[in-house]
Amino acid sequence: PICADPALSGVEYGVPVFPAFRPDQLDFRAVIVASDFRRLCGVDDASASVVWNVQVVMRTQSAYAGRSLTWSDGQNPGVWTRHVRLGSTEAVTELHAKAVISPMADWATPTTYSVAVVGLRARLSVQRVAVYDASGAEVGGQRVQEGQRLKVVVASAGIYLPLDVWQRVKVSIGPFQQDARLESTDAASMEQTLVVERVLGVGVALEVLVWLDGIRIGSSVNTLSFPLPEVGCAFAASSAGSCTPSASAPLESLKVSTTNPTLIYLVGSNFGSHPMLRTAGGALRVEVLGGSPPQDLCNESMWLNSTTLSCLLRPTAPPPLELRLSGPGDVVLAGPWQLPYEAPKIAAVSPQTLPITGAVRLTIVGEGFPDFGGLRPAAYLAAPASRRARRLQNISVAKVCDFMYTNSSHLECWTPEHPPVE
């Protein structure tokens, strides 16, 4: 900010840029608000002129590449620092620039970046949020269902904003951008109603957010909640490919492999139908937690449609496992449920008889022997019918040895010289 007090003008003011910077992004926008200027410069007059010092910084990967900058008003070409001024009678102002990086090679194509800085007189505030059902009746409370109608009344703190600015205002419920239109097309106004004909989303306690050119500039005090997802049943891709819904035990027939990835499908309702769910990578997630500290074994969770989710589970942690659904803000929306592993199968044990002196190699052959990150399985001998073992050790199950893991079908270990049971 360029403050009247020179001592305050040195304060740098950081604003978010949309979209977030990445090398292949060519179009950037930033919104700066007059109320922040007044706060930083100690100005009480809401109608005072506002001036920001804006600098565009470009760095080339090659020392031989050329750089150039032009401004939309045609002034000061090649000057990297400009003032953005919002006059006392203006509600919004914009300054655009094009920055070009030219490679040294004649055959290479220059890269052009577009930068837009928008100065806004005031932040927008959400005055009212109303939800309407199919009959047109207003629904009370903070509940909303997909397909219902939504009206969001937005005010600009007593500043008349032109229609073209209002048309750039968007509304979202949490992370879910809504398809909204303006209810009024007045040339300039201090308040507008944004209408969403069909609300889409999933989650609970989601803020109603207002955006201008991709920058968040307002939010509601109250929140909205969609119906909680309900999981009816789950099955693995290796099974018959379907399942029977059970409200009390949706994972009753599901078991996962101890050695190979398992593709799990969850079938239910209220999983949402917003297009963002296909690409959000986290708006609605299947999580399978195991180990200590808990880690998510579901490294590929996908939303398939409004009734089906999937998870590719990799068995890298020991039981117990917990499966749950998480939504925006990492809020648990359903579960957790216990998820069991398939029991390993033993085909042969050698030798069948262990000498009392111990010090023998014990080999077990089968399938499904897990490798949980270096945690070794152990061999136990059950002696429920051995009166002598119970009398000597006062136990019915005794540990023989810890296996040196070989692979998913062979386990080997050396028994100690003095085993605890015969």
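## Close-up views of a predicted chain

**View 1. The whole chain, seen through its contacts and outline.** Taking contacts in the chain between residues at least 6 apart in sequence, 63% join residues at least 24 apart; contact here means heavy atoms within 4.5 Å. This is a predicted model, in which local features need pLDDT of at least 70 and side-chain atom pairs count only at pLDDT 80 or more, while totals for chains, interfaces and linings use all residues. Residues are numbered from 1 along each chain as its sequence is written, and side-chain values use heavy atoms, with hydrogens and water left out. The C-alpha trace spans about 100 × 65 × 45 Å along its principal axes. The radius of gyration of the chain is 32 Å, whereas a compact globule of 422 residues would have one near 22 Å (taken over C-alpha atoms, with a globule rule of 2.2 Å times the number of residues to the power 0.38). In secondary structure, the chain comes to 3 helices and 32 strands; helices (H or I, at least four residues) and strands (E, at least two) are DSSP runs, numbered from the N terminus.

View 2. Of the 422 residues, 41% are buried, where buried means under 20% relative accessible area, exposed over 50%, and partly exposed in between (1.4 Å probe, protein chains only). The accessible surface comes to about 22900 Å², and 52% of that belongs to carbon and sulfur atoms; the areas come from the Shrake-Rupley method with a 1.4 Å probe, and for residues only the protein chains shown count as cover. Look also for the 33 positive and 36 negative side chains, two sets whose centres lie 5 Å apart. Lys and Arg count as positive and Asp and Glu as negative, with His and the chain ends not counted; the place of each charge is NZ of Lys, CZ of Arg, CG of Asp or CD of Glu.

**View 3. Helix H1 and its cover.** After H1 comes glycine 42, with a positive phi near 70 degrees.

**View 4. Strand E17 and its two partners.** In strand E17 (residues 206–212), 5 of the 7 residues are buried. Strand E12 (residues 169–173) pairs with E17 in the antiparallel sense over 5 bridges, where pairing needs at least two bridges found by DSSP. Here valine 171 stands opposite valine 210 of E17. Strand E18 (residues 215–224) also runs antiparallel to E17, joined by 6 bridges, and glutamate 207 stands opposite threonine 223 in E18. The hairpin of E17 and E18 has 2 residues between the strands, and in it aspartate 213 takes a positive phi near 50 degrees.

**View 5. Leucine 323 and its surroundings.** Leucine 323 belongs to strand E25 (residues 321–326) and is buried, with a relative accessible area of 0%. Beyond residues up to four places away in sequence, leucine 323 touches Leu251, Leu266, Val286, Glu287, Val288, Gly335, Pro336, Trp337 and Leu339. Leucine 362 is 39 residues from leucine 323 in sequence and 36 Å from it in space, C-alpha to C-alpha.

**View 6. Threonine 363 in its strand.** Strand E28 (residues 361–367) holds threonine 363, a buried residue with a relative accessible area of 16%. Leaving aside neighbours within four places in sequence, threonine 363 is in contact with Ala348, Val349, Ser350, Leu411 and Glu412.
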